[in-house]
Amino acid sequence: MNSLSKYLEIKEEVLEALNSNQPIVALESTIISHGMPYPENVQMAKKVEEIIRSEGAIPATIAIMDGKIKVGLSDIDLETLAKASSVTKVSRRDLAIVLANKTLGATTVASTMICAKMAGIKFFVTGGIGGIHRGYEETLDVSADLDELAQTDVTVICAGAKAILDLPRTMEYLETKGVSVIGYQTKVMPAFYTRESNIPLLHSVTTPEELAKIVLTKEELHIGNGLLVVNPIPEADSLDANYINSIIDQAIKDSVKEHIFGKDVTPYLLKKIVEETKGESLKANLALVYNNAKIGAKIAKAYQKISANQ
Ligand code: PSU
Ligand code: MN
């Protein structure tokens, strides 16, 4: 047994899909355990999988359980992650520790990318990526997601980075690290709860096929880093920019006052924003994840089709 297969536990249907070259979409679990309240989190996790299936791809939600990297979870696993109060938020630095200790861990964008790559999955759908936090000058808070995108060859489909972050700096960092950011039917960076920021994108596509061709080309060149697809929240679900930004501003002030730091910052802000918007932000968050799942599955399918014809 090679050392990796000792830790990887790939669900049967995902394994079959890998062996027969079917499209697969990976999903993270921190969004379940730390990103949304119960029971909406588990409902979201199940519905995202359904959407991916209805588009003709196989979902593979990833988490750390019983000393294994589980790729593809059962409904019981999803329920456990959604309910348990002692789930570790696992980023790159935590992966070996949580595996060795056999504790329960939810994977962030960074560690889901690592695990997807280990399993041979090329596409990964989430809500929003982490980035450079506002107040970076003081805290040096930069999400490990950005460096993972710089080094791990997986395509991540998201709705941009939300305004809890410093968007211009996040984009500068991605540029420095050589990460391609491609708008899906948009020419500006989406800001998660809203469709637009004031940051123009250099590249955009209008179809999954165009995107798939870029992914294949990047692969054939062995460039080796990640690729970020940014897909705006549907118009009908987007929030008013002034409204949500004032709530975000206040939540950030509160986080400073309460001395929240490190990995607790993002979950704290998300929770606060859900409370202050009386659930409006949660509704928007769910809608954008579903939209990303649909587009992500379409891209995975288009990729499978063109790569089979090579
Ligand atoms: N953005 C969301 N919901 C989330 C996250 C980001 O809208 O749940 C999670 C993702 O797992 C992401 C992580 O990888 O937060 C980033 O955390 P940090 O900022 O501590 O790197
Ligand atoms: Mn951080």
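Reader: What does "buried" mean when it is applied to a residue here?

Author: A residue counts as buried under 20% relative accessible area, as exposed over 50%, and as partly exposed in between, with a 1.4 Å probe and protein chains only. In this chain, buried residues make up 55% of the 310 residues. The model is predicted, so local features need pLDDT of at least 70 and side-chain atom pairs count only at pLDDT 80 or more, whereas totals for chains, interfaces and linings use all residues. Residues are numbered from 1 along each chain as its sequence is written, chains are lettered from A and ligands numbered from 1 in the order in which they are written, and side-chain values use heavy atoms, with hydrogens and water left out.

Reader: How many helices and strands does the chain have?

Author: Helices (H or I, at least four residues) and strands (E, at least two) are DSSP runs, numbered from the N terminus. By that reading the chain has 13 helices and 11 strands. Its radius of gyration is 18 Å, close to the 19 Å that the globule rule gives for 310 residues, so the chain is as compact as a globular protein of that length; the radius is taken over C-alpha atoms, and the rule is 2.2 Å times the number of residues to the power 0.38. Taken along the principal axes, the C-alpha atoms fill a box of roughly 50 × 45 × 35 Å.

Reader: Is Thr155 buried or exposed, and which residues does it touch?

Author: Thr155, which is found in strand β8 (residues 155–158), counts as buried because its relative accessibility is 3%. Not counting residues up to four places away in sequence, Thr155 touches Lys122, Phe123, Phe124, Val215, Leu227 and Val229.

Reader: And what of a charged residue, Lys272: is it buried or exposed?

Author: Lys272 has its place in helix α12 and, at 17% relative accessibility, counts as buried. With residues up to four places away in sequence again left out, Lys272 touches Ala251, Asp254 and Glu258.

Reader: Where does Pro234 lie, and which residues is it in contact with?

Author: Pro234 is found in the loop between β11 (227–230) and α11, and it is partly exposed, with a relative accessible area of 24%. Leaving aside neighbours within four places in sequence, Pro234 is in contact with Arg195, Ala287, Leu288 and Asn291.

Reader: What should I read from the backbone angles, beginning with the peptide bond between Tyr38 and Pro39?

Author: That bond is cis, with omega about 5 degrees, and Pro39 lies in the loop between α2 (30–33) and α3 (40–54). Turning to phi, Gln185 has a positive value of about 55 degrees although it is not a glycine, and its place is in the loop between β9 (180–184) and β10 (203–205). His259 also has a positive phi of about 55 degrees without being a glycine; His259 lies in the loop between α11 (241–257) and α12 (265–276) and is exposed, with a relative accessible area of 65%.

Key. Contact means heavy atoms within 4.5 Å.
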